[in-house]
Amino acid sequence: MEEADILVIGSGIGALSVAGQLCKHKRKVTVITKGLKKACNSSLAQGGISVALSKEDDYHYHYEDTMAAGCNLNDPEAVMKLVSTAPGVIKEFIESGMVFDKDEKGELAFGREAAHRLNRVIHAGGDKTGLRVVEQLIRNLTTDVTVKQNEMALDLRVKDGKCCGVITRDDKGEKHIYHANYTILATGGIGQLYPSTSNDVTITGDGLAMAYRAGAKLKNLEFIQFHPTMLTIDGNAYGLVSEACRGAGGILVNEKGERIMEGVHPMKDLAPRDVVARQVYAHTLKGEKIYLDISAVKDFKKKFPTVTSICEEHGVDPDDGKIPVAPGAHFHMGGVEATTEGLTSVEGLYAVGEVACTGVHGANRLASNSLLEGIVFGKLLADYILTHPKKTENFPEEPIKTKLKSLPTKAEIREKMMEFVGIVRHEKKMLDILDWFKQYMPNGEDFTRIDPDSATNEETELYNMVTAGYLIAKAAFSRKESIGAHFIKED
Ligand SMILES: Cc1cc2nc3c(=O)[nH]c(=O)nc-3n(C[C@H](O)[C@H](O)[C@H](O)COP(=O)(O)OP(=O)(O)OC[C@H]3O[C@@H](n4cnc5c(N)ncnc54)[C@H](O)[C@@H]3O)c2cc1C
């Protein structure tokens with residue numbers, strides 16, 4: 001049994017923000033992460049962080065834009081908390097050493113992204129924002145934070161609605177049992193459940209599945225944002241072509257060079273992501289190739305070094321002015337129901353970042369609001385812990401008899417998810433996929449806890465993927481109307 005006062009699962013912006021705030025107060029934090037510490041979606045983020053800090057802006061505008069993008073399904077109080085707390089938290093982050101890009105006057109440079117009424121997105125190293133943010137957050141950690149890499153959380157330790165830690169296994173196959181006063185899920189989203197995704201390979205819905213097995217309430221799982229522009233060659237996705245490229249003047253065209261967003265939405269290429277993703281998808285389903293025409297974007301390679309290197313690695317030269325694109329799974333608006341301080345329905349279990357659903361994103365996320373969510377709500381969770389001392393009882397581990405059934409491959413899960421609960425959904429197909437998933441329930445009734453010794457880390461990951469896939473399909477089937485990222489086509 002290993003002891004941890006505060007145990008954080010994951011090492012993205014949510015996890016590092018909580019840990020960084022807590023270690024300032026000399027609190028001991030153990031961070032456990034599945035891969036290397038920079039392996040997370042946060043490191044991959046390109047566009048930036050939205051925050052009402054420019055002279056023309058006001059957090060009330062940020063509030064209105066966030067609510068509009070989320071189709072007003074957002075929790076208004078959570079949104080207000082996010083946008084009003086953001087300027088102070090970002091200023092504090094800058095004071096801690098974070099350097100964001102500046103304009104020619106030496107002031108913060110604000111970029112434009114879809115559905116923002118004005119330039120509001122701060123960035124670092126052009127499109128290297130996520131990596132720069134993660135690196136700074138890691139620099140801010142003190143020796144009070146222990147980071148355990150290549151260790152996968154298998155299951156939460158829960159009894160009678162209370163969580164007292166986690167069971168993990170490292171890459172040498174050694175199992176660890178932790179007791180913690182506070183157990184924080186910061187495991188990110190579910191992108192790897194889909195065949196085409198912008199997400200890191202470690203993002204397989206583990207947090208969602210573990211929280212479900214722990215009996216935590218989940219919320220809005222049907223809302224999955226597909227990014228319209230993944231660099232795509234011969235049907236394979238190779239990385240994200242940031243929306244900021246469209247903000248800077250990139251336009252979506254077909255093989256004949258005709259604009260595909262003309263007449264579809266008044267904001268054309270900067271329409272909300274679900275609208276653009278559906279339009280690109282509709283064209284690709286017809287067998288057409290879609291390109292991002294960047295010929296009008298000045299200094300593209302300088303402004304977008306990450307996109308440039310992803311393109312060049314795969315034989316696409318941005319100087320030719322055209323990048324082949326298709327949509328891919330990008331962000332999960334739903335997740336483990338949590339307050340803005342990270343409290344879940346399970347005592348002792350907290351959730352922050354993309355794995356949490358605080359209601360800020362509603363039915364669709366406003367671009368660049370998720371790095372913000374991680375850093376702002378990470379601070380609020382740390383503040384909560386600092387002001388709420390807690391000793392959590394250590395329950396003895398009870399043996400679990402249930403063992404895994406044989407599972408489908410990742411490729412099979414991904415293919416089913418895209419066809420049955422992808423960008424466009426059909427009621428009948430959602431019922432079909434629910435039946436398909438049910439055959440993998442170990443006891444025939446539910447995706448219950450399993451004996452951790454009966455499955456390898458890879459098998460546990462697959463089990464988490466079928467669990468999360470099933471839960472997403474169930475939520476999608478229950479929501480009968482199209483709204484935001486949940487789009488149902490009548491048969
Ligand atoms: C390519 C790309 C570009 C993006 N661009 C932007 C942007 O410009 N602006 C913006 O606001 N948002 C952007 N996003 C979204 C944003 O990056 C994420 O929503 C955000 O970083 C999520 O942070 P997080 O801390 O919740 O999770 P992540 O950063 O995804 O971290 C999750 C961590 O949990 C670990 N983990 C998962 N399962 C386990 C397990 N079982 N055991 C142990 N560890 C586990 C993972 O390895 C990882 O370290 C982008 C996302 C992608 C993929």
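**Domains.** I started with the division of the protein chain: domain 1 takes 1-223 + 333-400 and domain 2 takes 228-328, with bounds from an automatic or database domain assignment. This is a predicted model, so I kept to its rules: local features need pLDDT of at least 70, side-chain atom pairs count only at pLDDT 80 or more, and totals for chains, interfaces and linings use all residues. Residues are numbered from 1 along each chain as its sequence is written.

The centres of domain 1 and domain 2, taken over C-alpha atoms, sit 28 Å apart. I then looked up who touches whom: 17 residues of domain 1 are in contact with 20 residues of domain 2 (contact is C-beta atoms, placed from the backbone, within 7 Å). On the domain 1 side of that boundary I find five nonpolar, eight polar and four charged residues. The classes are Ala, Val, Leu, Ile, Met, Phe, Trp, Tyr, Cys and Pro as nonpolar, Asp, Glu, Lys and Arg as charged, and the others, Gly among them, as polar.

**Ligand shell.** Which residues come nearest to the ligand? Gly10, Gly12, Gly47, Gly188 and Gly353 do, out of 44 residues around the ligand (near is a C-beta atom, placed from the backbone, within 6 Å). Two or more shell residues each come from helix 1 (13-23), helix 2 (41-44), helix 5 (129-139), strand 7 (151-159) and helix 11 (370-387). Helices (H or I, at least four residues) and strands (E, at least two) are DSSP runs, numbered from the N terminus. Helix 11 gives the largest share of the shell, four residues. By class I get 18 nonpolar, 23 polar and three charged residues in the shell.

I checked how covered helix 1 is: 10 of its 11 residues are buried, where buried is 20 or more other C-beta atoms within 10 Å of a residue's own, exposed is 12 or fewer, and partly exposed lies in between, with C-beta atoms placed from the backbone. Among the buried ones in helix 1 are Ile13, Leu16, Val18 and Leu22.

Strand 7 runs antiparallel to strand 8 (residues 162-170), joined by seven bridges (strands pair if DSSP finds at least two bridges between them). Asp155 has Ile167 of strand 8 as its bridge partner. Two residues lie between these strands in the hairpin, where Asp160 takes a positive phi near 50 degrees. Strand 8 then pairs antiparallel with strand 9 (residues 175-185) over five bridges, and Val166 has Tyr178 of strand 9 as its bridge partner. That hairpin has four residues between the strands, and Gly173 there takes a positive phi near 90 degrees.

I traced an open, antiparallel sheet in the order 12-11-15-14-13. Its edges are strand 12 (236-240) and strand 13 (251-253), each pairing on one side only. The twist averages 55 degrees from one strand to the next. Strand 13 pairs with strand 14 (residues 290-293) over three bridges, and Ile251 has Asp293 as its bridge partner in strand 14.

Helix 8 (residues 273-285) lies across strand 11 (224-233), strand 13, strand 14 and strand 15 (322-332), at about 45 degrees to strand 11. Axes are lines fitted to C-alpha atoms, for helices over the stretch in contact, and angles run from 0 to 180 degrees between N-to-C directions.

**Asp319.** Asp319 is in the loop between helix 10 (305-313) and strand 15. Why does Asp319 count as exposed? Because Asp319 has 12 C-beta neighbours inside 10 Å.

Note on methods:
Two residues are in contact if their C-beta atoms, placed from the backbone, lie within 7 Å.
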